[in-house]
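Me: I would like to learn how to read this model, feature by feature. Please take me through it.

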Amino acid sequence: MVKWLVLLALLWPLTTFAQTREVIPSDLTITATLETTERAPFQQEMVLLTIHGVYKRHITLEKLEAPDLAGVNWMQLGEDHWYESELDGLKVKNFRRRMALFPEEAGRLVIGPFTHHLTLLDETNAWFSHDIQSEPITLDVRPAPQTDDWWFPVRHLEISDRWSNAPDQLGEGEGVLRVITLTGIGVSPDMMPPMPELKSPSAHIFPHPEKRLVELSPDGPVSVTFWRWTIKPARPPSAILEPLKFSYFDTIAREMREVTISAQRVGMDRATMPPASEAPPEPVVLRPLLGGGLMVAGLALGLGLSLGGRRFSAISDVLQRFGLDPDRRALRRAMRQGDQPAFRAAARRLTRTHRKGQDVLETFDATAFAPDGGQADLRTLGRQLLSALRS
């Protein structure tokens, strides 16, 4: 007899919460709570919202319906979380959802009730529907401060400035990729500041499309923005990139902050720079396929033409007359094929050797490295360069 009384005492709480269509209000509760702050938030500042349900009844199906959040951007911070806890010595089911709200309008914002549509069991194990609602809540929103810059309220901001290789140790004709990464906590990707214009009076700058990513955390969205540029000195050996500046509002410290990404030198490594001299030595080494006999013939021809009043400064000029200069041949081949990289490589070798036609190379770089990535007129530029070399 005692055993049956003990078993009945253990089972009695279970029979009180379940298996009846009469639902006691305290058996199923749901609340919506806004994160408390000392001062009302500004427009677009993140406000965290938690929906918490406590259920003493067995639930077979459920669906949470959010109110119409007019004038508010929002995102759910991960999936709904279900867990067990104890209440009055008994195990109960808990439901939890976190949301990030970004109010777009100033003034008093009313957030209507959240409705949880539940399917329960009665005493015959038949399903029946039952809805519960949270109480509506209000939020006062202040107008965003007037700023000359992008309005950017963020809880925490991290900035990194990375380069594909050392920007001040470039090889001849090389460029470098710069990537600035912004990581903001408590902002959606569209709230991140737009990519600024990187300026330099002495560099070709090619901006790449920016990329934006977002990860969700219980403390709010974590948005990441990548700003990328390919940079090449317009006039070697070096160029100076101007600093970048922007501001943001620290929502934890409740104050505006200024960010300055310092100026940067981009240039050639001194070890790779050509020697500084007014009259560099002319090339005297022929390609091996030309042979020694052709070298002697070229020298004899150059001597004969010089005695006739026509001067050639070096063996490379003799090769030009015979159409045997490999760099000029490479340049003409690139002109015919429309090959911009090959054209620039050949033009760079010719201008470095002869110290002529530098303006043609600069015109090519200004077109090829323009933001729209234009196609240079290789035939026209090639003819101009060859004419400059013959002058």
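Reply: Start with one residue. At 44% relative accessibility, Thr33 counts as partly exposed, because buried means under 20% relative accessible area, exposed over 50%, and partly exposed in between (1.4 Å probe, protein chains only). Thr33 is found in strand β1, residues 28–34. Helices (H or I, at least four residues) and strands (E, at least two) are DSSP runs, numbered from the N terminus.

Me: What should I keep in mind about the model itself?

Reply: The model is predicted: local features need pLDDT of at least 70, side-chain atom pairs count only at pLDDT 80 or more, and totals for chains, interfaces and linings use all residues. Residues are numbered from 1 along each chain as its sequence is written, and side-chain values use heavy atoms, with hydrogens and water left out.

Me: How far apart are Thr33 and Ile137 in sequence and in space?

Reply: They are 104 residues apart in sequence, and 7.8 Å apart in space, C-alpha to C-alpha.

Me: How do I read a helix such as α7, and which of its residues are buried?

Reply: Check the span, then the faces. The expected span is 1.5 Å times one less than the number of residues. Helix α7 (378–390) has 13 residues and reaches 18 Å from its first C-alpha to its last, close to the 18 Å expected. Its buried residues are Leu378, Leu381, Gly382, Leu385, Leu386, Ala388 and Leu389. Seen down the axis of α7, they fall within an arc of 160°, so they line one face of the helix. That arc is taken from the directions from the helix axis to the C-beta atoms. The face turned away from the buried side carries the exposed residues Arg383 and Arg390.

Me: At what angle do α6 and α7 cross?

Reply: Axes are lines fitted to C-alpha atoms, for helices over the stretch in contact, and angles run from 0 to 180 degrees between N-to-C directions. The axes of α6 (residues 358–368) and α7 come within 9 Å and cross at roughly 165°.
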